[in-house]
Amino acid sequence: LGAPELELGPKKLHAYGKMKKSMKSTLAAIGMAAAVAGTPTGLGSPPSPPVPTQAQHHGFIKQKFLSSVKQVESSGGKNTQHETVESGPLKGQTAYGKYGLMPVTIQETIKNNPNLKARYGKILNLNHHQVHAYMKAHPHREDEVANKHASRLVRVFNGDMDSMAMAWLNGITGTLKAKEQGKNLSDHWYVKRIRDAA
C-alpha cells in the first residue's frame with residue numbers, strides 16, 4: 001500500500017496528521033499505564049511481603065521454643081512441682097518454675113549477662129534452695145532469665161530447635177559433645193516432646 005499522505009488533499013492531510021498525532025499520544029499513555037501496572041507498586045500486582053531478617057527469624061524461633069518448653073515442663077505453667085534429680089552432679093536439686101530451669105542454669109545465665117548480673121548478682125552466692133526462694137520472691141525474673149537463656153541457645157545453635165531442646169535439658173557443653181559424637185538428637189525423648197509441643 002502507498003503512503004496515505006500522497007492520496008489526500010491539503011485539508012484531509014492536515015486532519016490525518018492531527019489524528020495520527022492523537023493516536024501516538026493515546027498509545028503512549030496506554031504503554032505508560034501498562035508499564036506502571038507491571039511494577040510491584042502498580043495497581044496490577046500487590047507488593048511482595050518483606051523478607052524477615054535473621055534477627056526476626058531467630059526471635060520467632062525463640063518465642064516458639066519457649067512456648068514449647070513451658071508446655072513440656074509445666075503444662076503451660078499449671079504444674080511447677082518438678083522431680084528431684086537422683087544422680088549426677090545435680091543430685092538432690094530440683095528445677096524451678098514453669099520453664100523447668102535448674103538453679104545452676106539460672107545463676108549461669110545471670111552471671112553471663114551484664115544487665116542481669118548488675119541487677120540480680122546477689123543470686124550468684126546462693127545455694128540451690130536459696131535460688132528457689134529468691135525466684136519465688138521475684139516471680140517476674142523467671143521470664144527474664146528464660147528469655148536470655150533461650151537467646152543464648154538460639155545464637156549458639158543458630159536456631160536449630162532440636163539442639164536447643166537438648167541443651168535446655170543437658171546443657172550447651174553436653175549438647176555440643178553429643179553432636180561431635182554424631183548422636184542423632186532428633187531421636188532423644190526430650191527433643192521429641194519439645195518438637196511435638198511446638
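Which residues of helix H5 (residues 128-137) are buried? Select the helix in this predicted model and colour Val-131, His-132, Tyr-134 and Met-135: these are the buried ones. They sit on the same side of H5, because the arc they cover around the axis is only 165 degrees.

Now turn to the face of H5 directed away from that buried side; there you will find the exposed residues His-129, Lys-136 and Ala-137. While you are here, show Asn-127, which caps the N-terminal end of H5. One of its side-chain oxygens lies 3.0 Å from the backbone nitrogen of His-129.

Next, bring up the neighbours. Helix H3 (103-112), helix H4 (114-120) and helix H6 (140-157) are among what covers the buried residues of H5.

From Met-135, step into the largest nonpolar core, which has 34 residues. Met-135 is one of those with the most contacts inside it, along with Phe-65, Ile-106, Leu-153, Met-164, Trp-168 and Ile-194. Two or more residues each come from helix H2 (54-74), H3, H4, H5, H6, helix H7 (161-180) and helix H8 (189-197). H7 gives the largest share, eight residues.

Centre the view on Trp-168. Beyond its neighbours within four places in sequence, its contacts include Phe-65, Leu-66 and Val-69, as well as Tyr-99, His-149, Leu-153 and Tyr-190.

H2, H3, H6, H7 and H8 each give two or more residues to the lining, and the largest share, seven residues, comes from H7.

Notes. Residues are numbered from 1 along each chain as its sequence is written. This is a predicted model: local features need pLDDT of at least 70, side-chain atom pairs count only at pLDDT 80 or more; totals for chains, interfaces and linings use all residues. Side-chain values use heavy atoms; hydrogens and water are left out. Buried means under 20% relative accessible area, exposed over 50%, partly exposed in between (1.4 Å probe, protein chains only). Helices (H or I, at least four residues) and strands (E, at least two) are DSSP runs, numbered from the N terminus. The arc is that of the directions from the helix axis to the C-beta atoms. Contact means heavy atoms within 4.5 Å. A polar contact is a pair of N or O atoms within 3.5 Å; within protein, one must be able to donate a hydrogen and the other to accept it, and residues adjacent in sequence count only if both atoms are side-chain atoms. A nonpolar core is a set of buried Ala, Val, Leu, Ile, Met, Phe, Trp, Tyr and Cys residues joined through side-chain atoms within 4.5 Å.
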